[in-house]
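Subject: Structure for you to look at

Hello,

Here is the structure I said I would pass on. My notes follow it, starting with single residues and ending with the whole chain.

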Amino acid sequence: MTDLTAAATATEPAGAGSPGRNPAAPGGGRTVAAAVPPALVARLAAGITATGEPSVVDTVAPLTGERLAGLPQSTPADVEVAFELARRVQPAWAALPVRRRAAVLLRFHDLLIKRQDEALDLIQAETGKARLHAFEEVLAVALAARHYGRAAHGYLRDKRHGGALPVLTQAIEARRPKGVIGHISPWNYPLELSVGDALPAFVAGNAVVNKPDTQTALTALWARELLIEAGLPADLWQVVVGDGPVIGPAVVEHADYVSFTGSTRTGRDVAQRAAARLVGASLELGGKNAMLVLADADLDRAAECAVRACFSSAGQLCISIERLLVHRSVADEFLAKFAARTRALRLGGGLAYGADMGSLVSARQLETTSRHVEEAVKAGATVLAGGRARPDLGPYFFEPTILDGVTPEMSVCGEETFGPVVSVYRFDTEGEAVTAANSTPYGLNSSVWTRDGRRGRAIAARLRTGTVNVNEAYGAAYGSVGSPMGGMGESGLGRRHGAEGILRFTEAQTIASQRLVPIAPAFGLDDKQFAAVFSGGLRVLKALRFK
Ligand code: NAD
């Protein structure tokens with residue numbers, strides 16, 4: 001920790017007034033060791049497809065730095081086994097009526113709400129995030145379970161379309177499951193990004209082979225157990241665990257479709273491998289998201305929300321705000337409010353509610369965060385709040401940090417930090433703000449603050465991001481699970497949620513039945529006469545406004 005502590009000291013602002021020191025949250029709750037005993041680890045780890053005498057990799061509890069669990073590692077051969085097992089049970093599952101499959105999701109919804117404390121303990125133990133932020137995952141998964149539990153039938157039912165020849169051709173669009181989905185998920189939202197994204201795949205009739213990040217595999221395995229309790233056939237959800245660059249490609253190699261969430265760098269590799277096999281992929285990748293605070297914004301609400309926007313899950317949230325664009329006329333007032341709230345955030349890691357922000361997940365995340373802040377400060381940026389590691393609280397804690405005076409050559413300006421760090425920029429005109437917000441290859445999420453809702457939506461239309469929240473940070477768009485969520489540009493391909501979020505797990509099949517008249521010369525017409533009759537028919541159909 002010596003280097004990181006030194007980095008923390010180096011980031012003290014010169015002459016900017018003290019950014020203060022965040023208070024520690026009151027302790028409380030169970031210890032990680034009590035919440036995740038060896039018997040629980042053994043029970044959950046039995047759900048990993050790992051044959052023979054697998055090697056075991058230890059995970060660490062970020063809150064304390066202590067060993068959390070030893071997890072058996074799958075090999076590429078195990079991945080093959082997992083796909084075989086999944087393929088064996090998938091056809092029977094797909095043959096069930098959609099409503100029977102959807103009922104599993106609705107039962108899962110109820111079980112999850114009832115047993116949420118088990119999930120919250122595991123999420124906190126594996127990620128180090130505050131309990132409130134862990135609860136956001138429960139919320140997101142419950143919303144998705146209810147939505148697809150209720151709406152899947154409508155999304156998946158056969159749809160009639162106008163045929164080639166009105167009345168004489170009947171066309172039906174049917175949805176068939178892809179088969180076995182390869183589902184690769186990161187560590188930052190281990191419940192939401194494992195089971196939350198798998199639910200629409202299951203209800204569409206697929207099996208899933210999931211590779212969670214090893215660090216957060218227990219949460220995914222717990223969700224699997226709960227879904228089985230809700231009625232999912234056990235072999236339908238296979239979990240493989242192992243080194244990403246080895247096991248990830250093995251999953252892509254066997255999948256009928258790939259659902260990937262993670263970094264843009266890995267996403268490119270996954271996309272290339274999927275493309276080589278001609279299987280589809282949805283990619284939910286990184287971001288460098290902006291919040292725009294216009295001159296007419298409610299500054300108290302905006303400042304309050306900016307805290308959630310930037311520091312939920314210690315900023316390790318793909319839709320987190322890392323760039324704050326504030327109208328010059330209100331910047332001082334807004335920043336005073338925002339910085340005061342940020343400095344007051346209570347940091348801590350008990351497995352109980354009460355902390356406003358928890359720990360980063362790993363030494364790697366701490367290193368990136370410290371480096372971005374340290375480098376920016378050395379190059380002239382000012383720390384308005386936070387700016388240092390807090391080894392007194394736990395090995396990977398870093399204070400919620402606001403940087404001012406950030407310039408393009410600093411890494412923090414354009415690179416995703418994925419930590420609790422936000423940079424402030426001032427603008428004079430709306431056009432300037434929109435240009436600045438769009439000046440990134442990413443395009444995941446943005447937030448606009450104005451008292452004029454219509455103006456907010458008009459600005460949203462000019463922002464190149466998959467979601468825009470007007471007078472909210474991310475929860476409004478993410479929680480609206482009937483609407484698609486995902487990234488433009490380097491933030492990804494495809495969408496979760498809504499129709500796109502489930503139809504991606506299906507193949508469209510058109511079944512067209514022809515009656516009486518062939519679509520070819522007939523009834524004694526020669527080719528020329530056929531062409532003339534059909535040309536006349538085309539004119540009539542257009543005049544009658546057929547689509
Ligand atoms: P990562 O890309 O390193 O890893 C993601 C997953 O891919 C892990 O399970 C990992 O083991 C696996 N993996 C690693 N190499 C692989 C390979 N070559 N082939 C296949 N799989 C491989 O990302 P991370 O650091 O775990 O997650 C953080 C990133 O995820 C951030 O960039 C964040 O913005 C992004 N993210 C995006 C969303 C979204 O919805 N857009 C949500 C959460 C996180």
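Valine 533 is partly exposed, with a relative accessible area of 47%. Please keep in mind that this is a predicted model. Valine 533 belongs to helix H20, which covers residues 527-543. The C-alpha atom of valine 533 lies 9.7 Å from that of proline 521, and the two residues are 12 positions apart along the chain.

Backbone angles

Most residues other than glycine have a negative phi. Leucine 278 is not a glycine, yet its phi is positive, at about 60°. This leucine is in the loop between helix H11 (264-277) and strand S9 (280-284). Leucine 278 is exposed, with a relative accessible area of 79%.

Phenylalanine 418 also has a positive phi, near 60°, and is a residue other than glycine. Its place is the loop that runs from helix H15 (411-414) to strand S14 (421-427). Is phenylalanine 418 buried or exposed? Phenylalanine 418 is buried: its relative accessible area is 12%, and the cut-off for buried is under 20%.

A positive phi, near 70°, is found at valine 167 as well, in the hairpin of S3 and S4. That hairpin has six residues between its strands.

Strands and sheets

Strands of a sheet pair through backbone hydrogen bonds, either parallel or antiparallel.

Which strand pairs with S4 over nine bridges? The partner is strand S18 (residues 506-514), and the sense is antiparallel. Arginine 175 has alanine 508 in S18 as its bridge partner.

An open sheet is formed by six strands in the order S7-S6-S5-S8-S9-S17, with mixed pairing. Strand S7 (237-239) and strand S17 (492-493) are at the edges; each has a single partner strand, so one side of each has no neighbour in the sheet. Inside that order, S5 (residues 180-184) and S6 (residues 207-211) pair in the parallel sense over five bridges. Glycine 182 has valine 209 in S6 as its bridge partner.

The whole chain

The secondary structure comes to 20 helices and 18 strands. How does the radius of gyration fit a compact globule? For 547 residues, such a globule would have a value near 24 Å, and the protein has 26 Å, which agrees. Along the principal axes, the C-alpha atoms fill a box of roughly 95 × 60 × 40 Å.

Of the 547 residues, 54% are buried. Among contacts with a separation of 6 or more, 75% are between residues 24 or more positions apart. The protein exposes about 22,200 Å², and carbon and sulfur atoms supply 56% of that area. There are 58 positive and 55 negative charges, and their mean positions are 9 Å apart.

Regards

Definitions and conventions:
Residues numbered from 1 in each chain as written. Predicted model: local features only at pLDDT ≥ 70, side-chain atom pairs only at ≥ 80, totals over all residues. Heavy atoms only, no water. Helix = DSSP H or I, 4+ residues; strand = E, 2+ residues; numbered from the N terminus. Rg over C-alpha atoms; globule rule 2.2 N^0.38 Å. Buried < 20%, exposed > 50% of the residue type's maximum accessible area, 1.4 Å probe, protein only. Contact = heavy atoms within 4.5 Å. Areas by Shrake-Rupley, 256 points an atom, 1.4 Å probe, with all protein chains shown as cover. Lys, Arg positive; Asp, Glu negative; His and termini not counted. Charge placed at Lys NZ, Arg CZ, Asp CG, Glu CD. Pairing = 2+ DSSP bridges.
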